Amino acid sequence: KSLQLLNDMVREKELAVENTSDTLSACRLRSKMLAKQLDHVDMEIEREEEAGNVAAVSHLQAMSSRLCTELEREKELELRLALTQKQNLVELWQIEAEQGKYNILREQLQKDEEELQMQYQEEREVRIWKEKITALQAEGTRRAREKKEEKARREREERNKKLLEDAKRNHEKAVCFLRQSMARIHEKNAKEEVKAQEHMERRIQAVLSLKTSITSNRERLQTLQILNKAKALEAKKEEMKMREAILAEGGNVIRETFLHKRRQENAKKQEAFRELQKSRKMEIVSRILQERASIYKQRKSQSPTKAIKPRDKLVHPLLQSREAWQIIFSCYLQHLCSFTKVMALSISLPQDVLCESGDEDTERDKTLLVPEFPGLWSREYDLHKVPKAEDPTQLAIRAMRKQMAEKKMEALQTGIHHKQTVPAQEHKGCAFHSKPSCIHFKDFDVGQTYKKKIVLINTSYSVNYCRLVGISEWLKDFISVHFDPPGKMSSGMSCEFLVTFKPMINEGLEGAVMFMARTGPFSVPLKCTVKTCILALDKELIDFGSLVVGDTISRTINLTNSGALGTTFK
């Protein structure tokens, strides 16, 4: 390490001496050039003084002073560089003298390095000899492996040859079995074709008979359709008459229409319930008969040697008494009567109709205790014929119509709705328009209070007025309306009313705010919608286009929730 350090120091000092000498020579060259420039400037100053050019003389003098300053600076630098050069030479000589002291050590080091190289050479030769031995061993192993692989290949070829022979023999056997199976399948298919042909002939005959029956019943269907159309037209006329009557009375058309439709729906539900009860009664009877038949078969199988009794005497013990049938039918009739009474109360029937329907139910309870189908009980009991009772739903509808007609005749108002006319034309449609056209409370929170101000504009052709009638029944718990009647309003004038919404349940609501104008009733629709999440993708089709095998193409899809309710997705 010391020798290497001395060598490095010698090289550094030699480099420093060389750089310093180069810098010194460059400095001396610059000094000579500055001296020449100074002589030239002095000559120019003398020439300009002789010519009497004062400005040029002052300029040249300034240049001369600057060149003198630079020349002095270069001389000082030259002196410093010369001193540094001498100091570097002294240090170089000292290092070389110090290096001369270690010549003997350097020679010994060279000898050691030569011995080390000889040792490395010997180790290299030994390693090469070992590698040759390893290569020979690997060659022997490779040849042994090749022999083993050749032997395994021959054994595999012999095994494959044997497998091919076995497969050929098995194939011949399979072909033989396949021919036999195909023969059986062809025979089976022929039988199935015969059966299918017979079935098709029967279906063709059925279709032909159905076609004849359809042609024969077509006129009957046409008459039924005409009757249905006539009934629908009559119902529509009755609805229009009812609307006119309600308008004449000054009542709420929407509410009355809604109640009328609800009554009709309840009547339909009641009729469907009756049909369901009848079907259930039939099902109970059929199950009892099936149970009796199964018990009869079981007894017959258990005692085949007993004498067979007459068919009408073999009755299940539960069916031998009339009380069993009374219990079964009374339970279902009580359920039917309770449902009928609830339906009658839900459609607000008059008291006398309820009493009448209750009497009919009690009579039905009494009469339906008697068996409805002959031949199911012992012949010693008498069968009674039950007179057909009138449907309580029809009685309720008839009483309701009579009550509405009497009310209309008694409370008919004398006021007449005026048409919206001007000398040239007549306005049709609603006399007032609202801004906005629908009162919509969107994305509400339960427990909060929401308010909306609505503007009503008189779009008729004459002076008009309006008054608040009310709101839908199912909205009264959540909606309140503040409206000050403005009195008479000219065409184009407007008024305002305030709607306050206090939600108590997180459910959507729909209804209307109803008004009465000089030209007739009108309403403003109202809607309350809960917070929902509306997810939508920006692409309907992911098209990767044409690509090369091995490439990777990616596409980005944006999923947006435009609703007010957050949600998770996967």
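## Two packed helices

Helix α1 (residues 2–51) and helix α2 (residues 54–100) have axes that come within 7 Å and cross at roughly 160°, where the axes are lines fitted to C-alpha atoms over the stretch in contact and angles run from 0 to 180 degrees between N-to-C directions. The two helices α1 and α2 are therefore roughly antiparallel to each other, a term for angles over 145 degrees. By class, the contact of α1 with α2 has 25 nonpolar, 12 polar and 15 charged residues, with Asp, Glu, Lys and Arg counted as charged, Ala, Val, Leu, Ile, Met, Phe, Trp, Tyr, Cys and Pro as nonpolar, and the others, Gly among them, as polar.

This is a predicted model, in which local features need pLDDT of at least 70 and side-chain atom pairs count only at pLDDT 80 or more, while totals for chains, interfaces and linings use all residues. Residues are numbered from 1 along each chain as its sequence is written, and side-chain values use heavy atoms, with hydrogens and water left out.

## The whole chain

The secondary structure comes to seven helices and 12 strands, taken as DSSP runs (H or I, at least four residues, for helices; E, at least two, for strands). Of the 570 residues in the chain, 21% are buried, meaning under 20% relative accessible area with a 1.4 Å probe.

## Backbone details

A cis peptide bond, with omega about -5°, joins K435 and P436, and P436 is found in the loop between β3 (432–435) and β4 (439–444). Within strand β4 lies D443, which has a positive phi of about 55° although it is not a glycine.

Note on methods:
Angles under 35 degrees count as roughly parallel, over 145 as roughly antiparallel, 65 to 115 as roughly perpendicular and the rest as oblique. Buried means under 20% relative accessible area, exposed over 50%, partly exposed in between (1.4 Å probe, protein chains only).
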